[in-house]
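This report describes selected local features of one structure. Please keep the sequence and the model at hand while reading.

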There are 2 protein chains.
Amino acid sequence: MPSRPDVRSNPRRRHRAAAATIHDVAARAGVSVATVSRVLNGKELVRAETSRHVRAAAKSLRYVPNVAARSLSIRRSQTIGIVLPDVHGEFFSEVIRGIDLAARAQGYHILVSGSHSDPSQMLDVVDTMRGRVDGLVVMAPDVTLAPLDELRARAMPVVLLNSATPNGDAITIDNYGGARAMMRHLHELGHTRIAFVRGPEHNADARERLRGYRHAMRGMAAESSRALECSGDFTEESGFAAGRRLAALNPRPTAVFAANDSMAVGVLASLMAAGVHVPEQMSVVGFDDIPIARYVNPALTTMRVDIAELGRCAFALLLDAISNPAVHAPRHDRVATTLVVRKSCGAPNVRPKQNAQPHRAERILKNGRKRVPEKGEVS
Amino acid sequence: MPSRPDVRSNPRRRHRAAAATIHDVAARAGVSVATVSRVLNGKELVRAETSRHVRAAAKSLRYVPNVAARSLSIRRSQTIGIVLPDVHGEFFSEVIRGIDLAARAQGYHILVSGSHSDPSQMLDVVDTMRGRVDGLVVMAPDVTLAPLDELRARAMPVVLLNSATPNGDAITIDNYGGARAMMRHLHELGHTRIAFVRGPEHNADARERLRGYRHAMRGMAAESSRALECSGDFTEESGFAAGRRLAALNPRPTAVFAANDSMAVGVLASLMAAGVHVPEQMSVVGFDDIPIARYVNPALTTMRVDIAELGRCAFALLLDAISNPAVHAPRHDRVATTLVVRKSCGAPNVRPKQNAQPHRAERILKNGRKRVPEKGEVS
DNA sequence: CCCTCGAATGTAAACGGTTACATTTTGCGG
DNA sequence: CCGCAAAATGTAACCGTTTACATTCGAGGG
C-alpha cells in the first residue's frame with residue numbers, strides 16, 4: 001500500500017522534449033517500472049505477452065535507458081579506461097583498436113586518455129576516471145615501480161601494458177623470446193659477429209630485448225659481446241650515430257640488430273652514407289615492424305609485434321579481473337612476435353654486385369607495390 | 001522539519017571497504033551534504049573556515065565524487081563521444097590526440113569508438129552512447145547525406161568531421177584551398193600540363209580536391225583538363241596504375257598531382273619502374289603529408305594537413321554547441337593546409353643527370369636523418 | 001469452497017549526488 | 001537590546017534505474 005503516491009507518475013517533461021524514461025514506458029505498456037526493467041534486462045520471468053507489450057512501448061517511445069542512473073544503481077559503468085603515454089601514433093592507435101574491438105563485443109565502452117608525460121599526471125588522470133570506469137588498461141613503459149604500485153592502490157582492477165611489472169596483472173610483448181628468435185635467424189644465415197644497438201636504459205621493452213641478445217650471444221660461444229653493443233635511445237638519430245660507429249669497427253660486425261625499427265632505419269641510412277652495402281656487406285634487422293619498415297631500402301627484416309592482439313589480451317585479462325574479483329588470480333601474459341623476413345639481411349661476406357642499379361630499381365618497385373608481395377612475406 | 005529521518009545518515013558500508021561518499025565527508029566535517037557539495041563545486045558562498053574543514057575531511061577520506069550520481073543529477077556527463085570509421089591508423093590517432101588534449105583542458109573525458117564499416121553500425125554505436133556523452137564528434141567521410149541527417153535527429157550536439165555537410169556543425173580540411181595552393185606552386189615552377197589522380201567518387205575530401213584542381217586548370221587557360229585526369233581510389237595500387245597510364249600519354253604531362261599521398265607513392269613507384277625520372281622528367285605531388293611521404297625516394301612534396309588541429313577545432317565547436325544550446329548557431333569551419341616542399345618536383349623539361357647515383361645517396365642520407373632538416377622544411 | 005504455493009507483477013527503498021527552498025546565524029542601525 | 005536583511009547552512013525532493021520484498025493471481029489438492 002503506497003504511503004504516498006508516486007511523485008513521478010504523471011505529468012513529467014516540462015517544455016523541451018526530454019528523452020523517455022522507464023516510467024513513460026511502464027505507463028504506455030500498462031505495467032510497473034519493475035516489469036519494464038525485467039523485460040529489458042531479460043533476467044527474470046515475465047509472461048511472453050507482457051514482454052511483447054513492453055518491447056513495443058519501448059520501441060515506440062524510442063526509449064534508451066539512462067546509463068548514469070543505471071550505473072549509479074548497479075555500481076558498474078560498463079566502461080573501461082585506457083591511459084597511454086605520448087607514444088608513437090601508430091602504436092597508440094593499434095592498441096586502442098584492439099581493445100575497442102574486444103570491448104565492444106562484450107558491451108563495454110572505452111574512455112581514452114593519452115599524452116601523459118610524467119607519473120603524477122598519469123595518476124591524476126586515473127583519479128578523475130574513478131567511478132567512471134570499472135577498470136583500467138595502463139601503458140607506462142618508462143615509469144618506474146613506485147608509481148605503478150601507487151596505481152594499484154587505487155582499488156580498481158588495473159592491467160599494465162608493456163611496463164616494468166613486479167606483480168599484479170600485466171600483458172607484455174615477448175621481447176626476450178623475440179630477440180632470441182631474431183638471433184637464431186641471423187645465426188642460421190651464418191652470422192656470429194652480431195652487433196646490437198640498445199634502447200633507453202630504463203625502458204622495459206629495451207631491457208628485455210637486450211637480455212635476449214646477450215643470452216643468444218653467450219649461447220653462440222662468440223667473443224665477449226659487450227664490445228659489439230652500442231647505446232641508443234629508440235630514435236632514428238641514435239641509430240644513425242650507432243651505424244657510423246659500427247661501420248668504423250675493425251673487424252666489422254657482419255650483422256646489426258637494432259632494438260627497434262626506428263633505430264634500424266637510422267643504421268641503414270648511415271651505412272648507406274658510409275658506402276657499406278646492405279645486405280651484401282652487412283645485414284641489418286630491427287624489432288616492431290613499424291609501417292615504414294617495408295618502405296626503406298632495402299626493406300627491413302624485423303620482428304613483428306601484433307599490437308592489436310596486445311590490446312585484445314589486455315581487455316580479456318581486465319574483464320576477468322572485473323567479473324570475478326574474488327577468484328581472479330593476477331596473471332602476466334606475454335604475446336608472441338613474428339619474424340618478418342625482407343631484404344635487409346643475407347649470409348655474411350658476400351661481395352657486392354658491380355651493377356647494383358637495376359637491381360635496386362627493382363627493389364623499389366616492389367616496395368611501391370607493397371600489398372601483393374606482403375601476403376606471403378611472413379615466415 | 002523532517003517528516004522522516006534521513007535513512008542514509010548513519011550506518012552505511014557493510015563489509016568490503018566502499019569508497020567514501022559525500023555523506024561520509026559531511027559527517028566527518030560536521031556539516032550537511034549541501035555544504036560539502038557547495039565547497040567542492042565552489043559556486044556558492046561558504047565561510048572560509050567551513051570550507052577548510054570540508055576540504056580536510058574530503059582529503060582525509062580520499063573522497064572522489066561518484067560521477068554516475070553526479071551526471072544523473074545534473075544531466076551532464078562531462079564526456080564527449082568520438083565515432084570514427086576504420087580509418088588509417090595515423091590519422092585516427094592524431095584526431096584523437098587533438099581532441100583529447102583540448103577536452104582534458106576543459107575537464108572533459110572522451111569515449112572512443114572506431115572501426116565502423118557501415119552507416120547502420122555507426123548509428124547503433126551512437127545510440128549506445130546516448131546519455132553517456134554530452135555530444136559527439138563523428139567522422140564519416142564516405143557516408144551519404146541521409147544517415148547523417150538521421151544522426152542529427154538524435155537530439156544531441158554533433159560535429160561532423162570531413163563529411164559531406166549539408167547543414168549543421170562541421171569541421172573540414174580546406175581541401176579546395178589546399179588543392180589550389182598546390183596548383184599555384186606547380187604553376188610557379190613552370191608547369192601547365194598537370195595531370196590529376198582522383199580519389200573515390202563519393203568521398204567528400206576527394207571531390208573538393210578535384211574541384212580545386214579543375215578550377216586551377218581553367219584559370220591557367222590550359223587545354224581541357226579532363227584528358228589529364230585519371231581515376232583512383234586513394235590506394236597505393238590505384239596510384240601505381242594511374243602512373244603507368246600517365247607515363248604512356250603523348251605528350252606526357254610534366255607534373256602529376258595525386259589526390260592523396262598514398263596514391264602519389266604509387267605513382268612514384270610506377271614511374272620509376274617505367275624509367276621516368278622524378279623530378280627531372282616529371283614532378284609528382286600528393287596531399288596529406290602522411291609519415292612515409294618523407295621516406296620515399298625522392299621525398300614527396302605535399303600539402304600537410306594538421307590533423308590534431310582538426311581535432312582541436314572540432315572539440316571547440318562541440319563545446320560551444322553543448323554549452324550554449326540556445327544561442328549556438330551551426331557553423332562550418334575549415335582548417336588550413338600547409339605546403340611542404342621536398343624533392344619530388346622541380347621545373348619541367350630538365351634533362352636527367354647522367355650519374356644520378358651520388359646524388360641519390362645524398363638524398364637518402366637526408367631522409368634518414370629526418371628530424372634536423374625537417375625543422376626548416378615547411379615553406 | 002478454502003488453502004497453499006509458485007509464478008507474475010507491483011511497491012518503494014536504495015544508489016550518491018545537486019539544489020530549491022526553509023531555517024538559522026550574523027552583522028548592524030536604531 | 002530589538003528587528004531585520006543578508007549570509008550561511010540545513011532539509012529533502014529529485015535525477016532514472018535496479019531489486020528486495022510484498023502483493024496478487026490462478027491452479028490444483030483436499
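A:Ala299 is buried, as its relative accessible area is 6%; buried means under 20% relative accessible area, exposed over 50% and partly exposed in between, with a 1.4 Å probe and protein chains only. The residue sits in the loop between S9 and S10 of chain A. Helices (H or I, at least four residues) and strands (E, at least two) are DSSP runs numbered from the N terminus. A:Ala299 and A:Ser344 are 45 residues apart along the chain, and 5.8 Å separates their C-alpha atoms.

This is a predicted model, in which local features need pLDDT of at least 70 and side-chain atom pairs count only at pLDDT 80 or more, while totals for chains, interfaces and linings use all residues. Residues are numbered from 1 along each chain as its sequence is written, chains are lettered from A and ligands numbered from 1 in the order in which they are written, and side-chain values use heavy atoms, with hydrogens and water left out.

A:Asp289 lies in the loop between strand S9 (283-288) and strand S10 (301-305) of chain A. Its relative accessibility is 13%, so A:Asp289 counts as buried. The side chains of A:Asp289 and A:Arg342 make a polar contact at 3.1 Å (a pair of N or O atoms within 3.5 Å; within protein, one must be able to donate a hydrogen and the other to accept it, and residues adjacent in sequence count only if both atoms are side-chain atoms). Beyond four places in sequence, residues in contact (heavy atoms within 4.5 Å) with A:Asp289 include A:Asp261, A:Thr302 and A:Val340.

A:Phe257 and B:Phe257 have the most contacts inside the largest nonpolar core, which has 148 residues. Such a core is a set of buried Ala, Val, Leu, Ile, Met, Phe, Trp, Tyr and Cys residues joined through side-chain atoms within 4.5 Å. Apart from it lies another core of 28 residues, including A:Leu136 and B:Met129.

In strand S8 (residues 255-258) of chain B, B:Ala255 and B:Phe257 point one way, B:Val256 and B:Ala258 the other, and all are buried.

From S8(B) the chain passes through helix H11 (residues 261-273) of chain B to S9(B) in a right-handed β-α-β crossover: with the strands pointing away from the viewer, the path from the first strand over the helix to the second runs clockwise.
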